[in-house]
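I opened this notebook page to record what I looked up in a two-part reading of the coordinates. The entries follow the order in which I made them.

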Amino acid sequence: MSAQLSDLLAVPALQGARLFAGDAHVDIRHVLGRAGNPRRVAVDLVYAEPDTLLVLIDPVDRFDTRFDVLLRRARQAGVAAVAFAGEGGILPGPGSAALAHRLQLALVAVPDPWEASIHLHEQLAATDAPAVRLTWRVAEVGLAAGPDVGETLRLLQDALGYPLTLLDPTGRTVAGVAELDDANRAVLATSAPSGRPVQLPTVASTLLIAAPVGTGIGARAWLASEIPRRLPAEADAVAGALQTASIAIGHRLALARLVDERDARYRTGLLDELRATVPTSPPELAQRAIAVGWRLDAWHVGIRIVPRNAADVIALRRDVERAFQAERIGVQIVEQDSGWAAWVSSVAEPSVSAIRALSDDVRRAMTALRSRIPSNVGIGSVQAGAQGLVRSLGEAADAARLAANRPETGYFVHIDTLGLAQLLLAWTQTDTFLPAARELLAPLNRVGGDLRHTLAVYLDSGASVTETAAILDLHRNTVANRIAQIQRLLGVDLGDPETRLALHLATRTLNEE
Amino acid sequence: MGASVRAPLSELRGSDVDALASGAAILGCGGGGDVGLLLPALRMRGPDFAIPLEPLDGGLRFFTAVTFLGSTTVLAEKPPGGTELPSAVSAVERWTGRAAQAVVPAQIGGLTALGAALLADASGLPLLDADLVGRATPRLDQLSIFARQKPELTAAIITSSGLTVVVDARSPAELESALRGAVANTGGWAAFALGPLPLAQLREDMIAGSVSRALAIGRVAEAAGAPLADAVRVVGGAVVARGRVLDVERHGDPLSFVHGTASLADAESGAVARLEMGSEYHYLVVDGEPAASVPDIISVLDARTRAPISTDELRPGTDVAVLVLPAAPLWHSDDAFLRRADPRFYGIDADPVPWAAS
């Protein structure tokens, strides 16, 4: 078997080694360890197999003419690279490096020649020893590691000697450094059912080895490591070790899932009990609520997130948390049968502007979340105390239901604005207003296209070009152009609040038709 | 050129001194002391002076061998006054009661050649066209007359501080260690005289024609115009390596013979050569292949000026040519000689690489 010198030097057991001179891409087939001073080695070295790496077991005390003669003899005998003890001792000078270049011989400094010769031999002889040793080491660590997934990953990575990456079933990086490209992600997705490790060549000339991680619940995750491409023995060893590691990680993931489910069930139960008992909740219930961090005697704004497709609410809870954290919204999240109930609490009654700011923040958080989990979101009004919390969550749930039919608001409905809108709509459903509204918006209809819809979304989003662009999935310049066009066509100034009100009412009325 | 076919010289003239200095410097093999220290004294004698140069097979009965011992760097800081060598010869003459009839440089390499000429001139004695090593060597017990015979070992040194020491030794090694110790403790260098010794008894173990050879080599090296490689072929040598010095590593132990190693790379051919050196250059390897060794003469010249570079002056970045000249045939004629000057004598674990001029 042969391997490139550079690949051999990348094996963890040989990572202290470094190329001192010559070509790192030289092919190595054999390893030859020789003890004694350079003269002794040179005299004895008559013939070596082609592509041999000669390891000088004893440290070289002087890189003088004897070493030069050795390099010459070694090259004549068929040696392609010479490794010497490079730690603690003296190093060859530029002259030795120049001669190595001239003889097309690679010079490698290794910390411990004896150990290096053994590791090199194992890599090239394709024995099972490195694989067994690696798997054994990983198994030991896997058994001894604690329940924490991250900690276990870190310990396994140390044992393996290569960076370890945890990927979700779709190949997205959950923990670690390796990022898969789309092609390799597709390969992972299709090879999931086999349950066998897969080897994926990367553009960076490495080999990505991924082993499936089964937890017994949900889709498989992947545990992956990158290694130099041209070392089949190392690839097999790492694949075997990854399978062992994936058992350990699968176990930790199942444990973590168990804890998450228990916590989720407890929170859900607590909220259900609260809903059932307000306003006469027993003090014991309030105490339990406080214990999990709920401040019942405060002002609350309820939020309800309902995924439009089936979703694992326990596994995806982290994504929801992250979405809120990204907007710095401090919320309590409780898993529900479908989706999540959440609320924001504050000790003082929030002002109208604070509510509006909160609504905007939540809308942004949910827009970000929607790329991962398509969902309808409703926000309730501000309510005080435990009873208020239950009421606001109820309003939020109603709003979320309404949001399901409101693509123009980004499937997002705030109950405060909902109330006003319903009120206004009730006022405008008259025989006199409807024709007026039609006439007002007629120029937009004549042009056709999305101008009327754009106007509706623009007005619904508080005359925000950015928000409109996000909802319509357009570039903000496009939206700005359309608004300008609308103003020209209608001959109005949308900066004028009264104009906006009239147009808003008109768009709403015609939408209800 | 014709230097090598010239008939044996009968005298050393004022016009010869520059060539003698130049040849002696090359035969110094990187050691032997700076000929420039004594050359001005010889030049001052003008072009017209002449020192009789006697062949070994002349009728003279007793000769004295002279040289300088000790540190050549101290010698450069405290140059000789000119009276040291005559005083040393007087001391051994007084002690033995014999008068020297001729002077021979103990080593032709380095400044001893000029010292012996100055001594001959000052004392009116003829200079023997010979020496006892044919190059430069670091130790007294390497002198050729000690290899197969046991001549009487009476020697005197006049140290740079003016001290006179006369030694009757039982062995060359004893002589070496006794004088070396005395020199180290009394000023750093000393003028040395051995003898007077019977020429008839030792003639066979001396190196004949050394002064003529130094002159011939000096003329070749000084000849402007001709490429060095062609020029040295006339005297049986060759330029074996050339190039820029890549590294010079000097080991910490000044008492060992091999003080350091230096490498050079030839930008044209790509060849990488390495020198092993102590107070002289001992061993030369080209592309990992042994190319030359002691007792043959390995000399490093500045590629541009052709000035010999001593081992302690060799610096990375210098463009040099490495010249190899055959040793005096005596060294390879008998193992008794060879083992006093082969690589192993200098602590290099390698066989000698006999020089075969192409």
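**Conventions.** I worked from a predicted model, in which local features need pLDDT of at least 70, side-chain atom pairs count only at pLDDT 80 or more, and totals for chains, interfaces and linings use all residues. Residues are numbered from 1 along each chain as its sequence is written, chains are lettered from A and ligands numbered from 1 in the order in which they are written, and side-chain values use heavy atoms, with hydrogens and water left out.

I then listed the contacts (heavy atoms within 4.5 Å) of Leu127(B). Leaving aside neighbours within four places in sequence, its partners include Leu12(B), Ile51(B), Val103(B), Ala116(B), Ala120(B) and Val211(B).

**Helix α5(B).** Helices (H or I, at least four residues) and strands (E, at least two) are DSSP runs, numbered from the N terminus. I checked the length of helix α5 (residues 112–123) of chain B: at 1.5 Å a residue, its 12 residues should span 16 Å, and the end C-alpha atoms are 16 Å apart, which agrees. The expected span is 1.5 Å times one less than the number of residues. Its buried residues (under 20% relative accessible area, 1.4 Å probe, protein chains only) include Leu114(B), Ala116(B) and Ala120(B). Gly124(B), with a positive phi near 75°, follows α5(B).

**Strand β17(B).** Strands pair if DSSP finds at least two bridges between them. Strand β11 (residues 238–250) of chain B pairs with β17(B) in the antiparallel sense over 6 bridges, and Ala241(B) has Val322(B) as its bridge partner. Strand β16 (residues 297–302) of chain B is also joined to β17(B) by 6 bridges, running antiparallel; here Ile298(B) is partnered by Val324(B).

**Between the chains.** I noted 23 residues of chain B in contact with 19 residues of chain A. The two chains bury about 1,700 Å² between them, 49% of it on carbon and sulfur atoms; this is accessible area (1.4 Å probe) lost on being put together, summed over both. I counted 5 salt bridges (side-chain nitrogen of Lys or Arg within 4 Å of a carboxyl oxygen of Asp or Glu) between chain B and chain A. Arg102(A) and Asp287(B) meet in a salt bridge at 2.7 Å, N to O.

Note on methods. Buried means under 20% relative accessible area, exposed over 50%, partly exposed in between (1.4 Å probe, protein chains only).
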